[in-house]
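Dear colleague,

Please find below the structure I promised to hand over, followed by an account of what was found in it. I would be grateful if you could read the notes with the structure open beside you.

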Amino acid sequence: MKPNFSLRLRIFNLNCWGIPYLSKHRADRMKRLGDFLNKESFDLALLEEVWSEQDFQYLRQKLSPTYPAAHHFRSGIIGSGLCVFSKHPIQELTQHVYTLNGYPYMIHHGDWFSGKAVGLLVLHLSGVVLNAYVTHLHAEYNRRKDIYLAHRVAQAWELAQFIHHTSKKADVVLLCGDLNMHPEDLGCCLLKEWIGLRDAYLETQDFKGSEEGSTMVPKNCYVNQQELKPFPFGIRIDYVLYKAVSGFYISCKSLETTTGYDPHSGTPLSDHEALMATLCVKQSPPQQNPSSTHGPAERLPLMSVLREAWTELGLGMAQAHWWAAFASYVIGLGLLFLALLCVLAAGGGAREAAILLWTPSVGLVLWAGAFYLFHVQEANGLYRAQAELQHVLGRAREAQDLGPEPQPALLLGQQERNNKEQ
């Protein structure tokens, strides 16, 4: 590879808000999205909330001359909503469905039915191995009383671990998607501190778009204005995150967002704003690689984030155990009531009343049983994530006792390199 090697990547990301029968002007917006992507000819277009197979097939056919490689990541009951369109051949594909994704009985939110996931595609571009990830985490719904916080933190940790374990052979890592987290939120900090990802909005040399880089803005006619009332400039929950390894250097030359309306049609492409980033990858000596220049001082924010995540998962686990215990009491009472009904029916004194109450009582016991099993599964999922964090924190404490580490933001990566040297 030449010393003056340079690779330019143009990336597009959008949460398309493509819910069949519910999203307004869906067909028209998909048509305009296809026209726009063909016109701009990005290297990669990563989309979320393409819930309809029909919409994906429409985009695939429309974009095939410009983006010959495409994939729709399917999961859950209604699908993950994730899909990618690439100008370059896709070498490898895989996906990971998050263990926890909300509650099945919260039907009006619907996240559990979608099977939220992270999709991975591997591209080989002029000798550079690019791992591109697209994801969509659980929605927030209520910031003041966020009942899904533990699930979203668990998803962020699972996402970070998935990236860590699948990017060992990559030269460049790219993560795009709707994280449903503000930049200062715990899950976002966890991704940045643990994996070492950098935020295109904070790093770019040239930004154009909505105020403060917001991706849900009050100007957008599809946005619920009441939800954005506390945020006059909107909120930033969609991201382009990246890092380079293996002696490469990556920078964001420009980042642009849409601004809540389309100058031609008057209506936006989605209720979210699109992100358009131009990234530049160059070869550099290992000591000049930003991902390996962290000093021991960076251990403190990393450790703080890991401890906070561990605590939040513990709170979620305690809540899950409480609901499981509540369900077990309901099951016990329901079984006692059923036994009483059997006695009454056998005695003949209140036979008709016992028969009438039998069906709803059985239904209550079955519902409580399903409720119990779900929350036990939730507690186990949270425990698994917390145990992994506990292990990382233990390794970090051992490292502190043994002396300073050269790269605290990538403790596992350092551990693996040491094992290879041995």
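Against which elements do the buried residues of α1 pack? Before the answer, please note that this is a predicted model. The partners are β1 (6-18), β2 (44-50) and α2 (53-63). Helix α1 itself covers residues 26-40, and its 15 residues reach 21 Å from the first C-alpha to the last, close to the 21 Å expected. Its buried residues are R26, R29, M30, R32, L33, G34 and L37. Just after α1, S41 takes a positive phi of about 55°.

Six strands form an open sheet with mixed pairing, in the order β5-β6-β7-β8-β11-β9. Strands β5 (92-97) and β9 (198-199) stand at its edges with a single partner strand each, so one side of each has no neighbour in the sheet. Within the sheet, β8 (residues 172-178) and β11 (residues 238-244) pair in the antiparallel sense over 7 bridges. As one example of a bridge, V173 has K243 in β11 as its partner. Helix α4 packs on the sheet, where it touches β5, β6 (117-125), β7 (128-136) and β8. The direction of α4 makes about 165° with that of β7.

In soluble globular proteins, nonpolar side chains tend to be buried together. Here the largest nonpolar core has 46 residues, and those with the most contacts inside it are Y133, W157, L159, I163, L175, L179 and L306. Elements that each supply at least two residues of this core include α5 (186-195), α7 (299-347) and α8 (351-402). The largest contribution, 9 residues, is that of α4. At least three residues of this core come from each of domain 1 (6-283) and domain 2 (298-401). Leaving aside neighbours within four places in sequence, L175 is in contact with Y133, T135, L159, I163, L191, L197, Y239, V240 and L241. Another core, of 32 residues, lies apart from the largest one, and L9, C176, L255 and L275 are among its members.

With kind regards

Methods. Residues are numbered from 1 along each chain as its sequence is written. This is a predicted model: local features need pLDDT of at least 70, side-chain atom pairs count only at pLDDT 80 or more; totals for chains, interfaces and linings use all residues. Side-chain values use heavy atoms; hydrogens and water are left out. Helices (H or I, at least four residues) and strands (E, at least two) are DSSP runs, numbered from the N terminus. The expected span of a helix is 1.5 Å times one less than its number of residues. Buried means under 20% relative accessible area, exposed over 50%, partly exposed in between (1.4 Å probe, protein chains only). Contact means heavy atoms within 4.5 Å. Two strands pair if DSSP finds at least two bridges between them. Axes are lines fitted to C-alpha atoms, for helices over the stretch in contact, and angles run from 0 to 180 degrees between N-to-C directions. A nonpolar core is a set of buried Ala, Val, Leu, Ile, Met, Phe, Trp, Tyr and Cys residues joined through side-chain atoms within 4.5 Å. Domain bounds come from an automatic or database domain assignment.
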